[in-house]
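Open your viewer and keep the sequence panel beside it. This tour tells you what to select at each stop, and what is there.

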Amino acid sequence: MLSIPQSSTHDEPSESNDELPIIQMSENSSTIDPLLRYCYPIHDPSNLSLECLGHILGASIKYDFVEAKSLVLNTLRSHVEGLSQQTLHVFAIGCHHNAEDLASHAAFAYKNSRPLDRWLHKAAGFEESTAALCYAPSM
């Protein structure tokens, strides 16, 4: 990321303070802020939505933040013990980011949940993963 060539300050109006370069990122601040909090020796962020945790997991994989990835995966695993829709959302996040251990953990927990909840396969997050849609009927 730091080896990205910077445009000349004369070409475009500067969006920087004190002429420090600004690197445009595809992630928004609601993803980057908690990601960096996982990396620094401060309290880990709390009360994050599953959607936000999914984005943070993707960013931690993209930027190769190994410790942050591990912490986010553990946080997502803790959501599996809750409601079945949360379990399905965690499963979808795991499939979307190729986190097989997370997806397997969520699938096992979902399979052992109440039988009527198995028909809730339209839980949030499935629209992002074709793998999740393929495995939903067998769960």
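Start by selecting N98. This residue is exposed, with a relative accessible area of 65%. Exposed means over 50% relative accessible area, buried means under 20%, and partly exposed lies in between, with a 1.4 Å probe and protein chains only. N98 sits in the loop between α4 (84–96) and α5 (100–111). Its phi is positive, about 55 degrees, although N98 is not a glycine. Most residues other than glycine have a negative phi.

**Ground rules**

This is a predicted model, where local features need pLDDT of at least 70, side-chain atom pairs count only at pLDDT 80 or more, and totals for chains, interfaces and linings use all residues. Residues are numbered from 1 along each chain as its sequence is written, and side-chain values use heavy atoms, with hydrogens and water left out.

**Stop 1: the whole chain**

Zoom out and switch to cartoon view. How many helices and strands does the protein have? There are 6 helices and 0 strands. From the N terminus on, the elements run α-α-α-α-α-α. Helices (H or I, at least four residues) and strands (E, at least two) are DSSP runs, numbered from the N terminus.

Now show the surface. The protein exposes about 9,400 Å², and carbon and sulfur atoms supply 54% of that area. Accessible areas come from the Shrake-Rupley method with a 1.4 Å probe; for residues, only the protein chains shown count as cover. Of the 139 residues, 35% count as buried.

Contacts come next. A contact means heavy atoms within 4.5 Å. Take the contacts with a separation of 6 or more: residues 24 or more positions apart account for 54% of them.

**Stop 2**

Select D64. You are in the loop between α2 and α3. D64 is exposed, with a relative accessible area of 57%. The phi of D64 is near 60 degrees, a positive value in a residue other than glycine.

**Stop 3: an aromatic pair**

Select Y63 and F65. A search of the whole structure finds 1 aromatic pair. Y63 and F65 form this pair, with 6.2 Å centre to centre and 40 degrees between the planes. How is the pair classed: stacked, edge-to-face or tilted? It is tilted. Rings of Phe, Tyr and Trp (its six-membered ring) pair if their centres lie within 6.5 Å; planes under 30 degrees apart count as stacked, over 60 as edge-to-face and the rest as tilted. F65 is partly exposed, at 27% relative accessibility.

**Stop 4: helix α1**

Select residues 29–39, which make up helix α1. Colour T31, I32, P34, L35 and Y38: these residues of α1 are buried. What covers them? The cover includes α2 (50–62) and α3 (66–79).

L36 is partly exposed, with a relative accessible area of 35%. Together with Y40 and I42, L36 makes a nonpolar surface patch of about 300 Å². Patches are made of residues with over 30% relative accessible area and no salt bridge; like charges are joined within 9 Å, and nonpolar side chains (Val, Leu, Ile, Met, Phe, Trp, Tyr) within 5 Å.

**Stop 5: salt bridges**

Side chains of opposite charge can pair when their charged atoms come close. A salt bridge is a side-chain nitrogen of Lys or Arg within 4 Å of a carboxyl oxygen of Asp or Glu. The whole structure holds 2 of them.

Select E27 and K62. Their closest N and O atoms are 3.1 Å apart. E27 lies in the segment before α1 and K62 in helix α2, so the pair ties together parts that are 35 residues apart in sequence. E27 is buried, at 17%, whereas K62 is partly exposed, at 46%.

Next, select R37 and D33. This salt bridge spans 2.9 Å, N to O. R37 and D33 are 4 residues apart in helix α1, so about one helical turn separates them. R37 is partly exposed at 35%, and D33 is partly exposed at 39%.

**Stop 6: inside, at V90**

Select V90 in helix α4. Buried or exposed? V90 is buried, with a relative accessible area of 0%. Show its neighbours: V90 touches L50, L76, H79, V80, L102 and A106, not counting residues up to four places away in sequence. Then select R77. V90 and R77 are 13 residues apart in sequence and 7.7 Å apart in space, C-alpha to C-alpha.
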